[in-house]
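Please examine the sequence and the model before reading on.

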Amino acid sequence: MLVSKSPIRLVVRDDERAESRYLWPPLLLSVLLLWVAPMGTSLGLDESGNWWVIKDGLSKMIERSHFWTGGESILFNLLVMSAQTIGGDSDFVLRIPSLAMMLVALVLVYRLGLRFAGPLAAMWSCLVFVVL
């Protein structure tokens, strides 16, 4: 059985690449309005629980992460603890790791869409991901 080692390559038309550029402004506006603007509001249930998990240090965080359903990711809790140590105990600072993870996920959605369907589908995928 032969396995191709070359990645999937699509033939991308120049007009498709040019059309995908028109989706950058709505994508950036959606990220700002739907992800960044609400960061200053009060904490929801998940974020309040995450604050409870991390509030008393590393040993308590590991212990509490078994009880809180949203806090079982030790790595994410360490990121939130780091943000809290650097920036203080504000709602905005506690949400920075979530925003960073969502931006990484957005880049991955774009790369997957670009690889399998082309630049226009990748941008539409990103826009749908941000809005949902």
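Glycine 118 follows helix 6 and has a positive phi, near 105 degrees. The model is predicted: local features need pLDDT of at least 70, side-chain atom pairs count only at pLDDT 80 or more, and totals for chains, interfaces and linings use all residues. Residues are numbered from 1 along each chain as its sequence is written, and side-chain values use heavy atoms, with hydrogens and water left out.

**Helix 6**

- Helices are DSSP runs of H or I with at least four residues, numbered from the N terminus.
- Helix 6 covers residues 91–116, and its 26 residues should span 38 Å at 1.5 Å a residue; the end C-alpha atoms are 38 Å apart, which agrees. The expected span is 1.5 Å times one less than the number of residues.
- A kink of about 30 degrees in helix 6 is centred on proline 97. The bend at a residue is the angle between axes fitted to the seven residues ending there and the seven starting there.
- Buried residues of helix 6 are Val93, Leu94, Arg95, Pro97, Leu99, Leu106 and Gly113. Buried means under 20% relative accessible area, exposed means over 50%, and partly exposed lies in between (1.4 Å probe, protein chains only).
- An α-helix has 3.6 residues a turn, so residues three or four places apart point the same way.

**The aromatic pair**

- The structure holds one aromatic pair. It is formed by tryptophan 35 and phenylalanine 129, is edge-to-face, and has 6.1 Å centre to centre and 90 degrees between the planes.
- Tryptophan 35 belongs to helix 2 (residues 24–36) and phenylalanine 129 to helix 7 (residues 119–131), so the pair ties together parts that are 94 residues apart in sequence.
- Rings of Phe, Tyr and Trp (its six-membered ring) pair if their centres lie within 6.5 Å; planes under 30 degrees apart count as stacked, over 60 as edge-to-face and the rest as tilted.
- Tryptophan 35 is buried, at 14% relative accessible area, whereas phenylalanine 129 is partly exposed, at 28%.

**Salt bridges**

- The whole structure contains two salt bridges, each a side-chain nitrogen of Lys or Arg within 4 Å of a carboxyl oxygen of Asp or Glu.
- In the bridge between lysine 55 and aspartate 56, the closest N and O atoms are 3.4 Å apart. In the bridge between arginine 64 and aspartate 56, they are 2.7 Å apart.
- Through shared partners, the salt bridges join Lys55, Asp56 and Arg64 into one network.
- Arginine 64 is buried, at 12% relative accessibility, while aspartate 56 is partly exposed, at 39%, and lysine 55 is partly exposed, at 35%.

Key:
Helix = DSSP H or I, 4+ residues; strand = E, 2+ residues; numbered from the N terminus.
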